[in-house]
Amino acid sequence: MKNIILIGFMGSGKTSAAIRLSYRLRRTMVDTDKEIERLHHMEVAEIFERLGEEEFRDMETRCLERLAKRSGGEIISTGGGLPMREENRGLLKNLGTVIYLRVRPETVCSRLDGDASRPLLQGKDKEEKVKRLLEMRAPVYESAADFVIDTDEKVTDEIVDEILERTEGWR
Ligand code: S3P
């Protein structure tokens, strides 16, 4: 069985959709951030602070390599920056069906208002940061995905219904 992998920006709803999808398909769910935190006994923000972003990106690559060795059929939610490495895009492609959950910058800002867990969005001018990063990343997400689903103004179950519809025959 193929894996279903969700990619997209912070706040696009990947984790919530993956949890719901795993429930509806009765498949196990993996979140790459959570896997990394579990393995290294540190939260993502702490990894960024103590070891730096590059080290975290290496951990993401190694996480994908480990997932590739498993038997498949899982729902995989990924960190927002994971598809930015070309190597990771190759790994994602071999891992299964990749779905990009697209979101507008305004939605990200309202969903992540007051969030302190995303190191890349801390400090001043959060809206500007989100806009800039999203603009840069959007074409990369698109190129890495088999399907794109818009998530603004949708509740998790609507997103999951769409994923199930679109992946019929791909699973
Ligand atoms: C990041 C997204 C985060 C986490 C880390 C870096 C990014 O995951 O991996 O803070 O570069 O976009 P979520 O997309 O689950 O928030």
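Trainee: What does the secondary structure of the chain come to?
Mentor: It comes to 8 helices and 5 strands, taken as DSSP runs (H or I of at least four residues for helices, E of at least two for strands) numbered from the N terminus. Keep in mind that this is a predicted model, where local features need pLDDT of at least 70, side-chain atom pairs count only at pLDDT 80 or more, and totals for chains, interfaces and linings use all residues. Residues are numbered from 1 along each chain as its sequence is written, and side-chain values use heavy atoms, with hydrogens and water left out.

Trainee: And which pattern does the chain follow along the sequence?
Mentor: Reading along, you get β-α-β-α-α-α-β-α-β-α-α-β-α.

Trainee: Switching to the ligand: which residues come nearest?
Mentor: K14, D33, R57, R118 and R137, out of 14 residues around the ligand; "around" means a heavy atom within 4 Å.

Trainee: How does that shell divide into nonpolar, polar and charged?
Mentor: There are 6 nonpolar, 3 polar and 5 charged residues. Here Ala, Val, Leu, Ile, Met, Phe, Trp, Tyr, Cys and Pro are nonpolar, Asp, Glu, Lys and Arg charged, and the others, Gly among them, polar.

Trainee: Where do polar side-chain atoms of D33 and R118 lie?
Mentor: For D33, one lies 2.8 Å from a ligand oxygen. R118 also has one 2.8 Å from an oxygen atom of the ligand.

Trainee: How much of the ligand's accessible area does the protein cover?
Mentor: The protein covers 95% of the 390 Å² that the ligand has on its own, by the Shrake-Rupley method with a 1.4 Å probe.

Conventions:
Polar contact = N/O pair within 3.5 Å; in protein donor to acceptor, adjacent residues only side chain to side chain.
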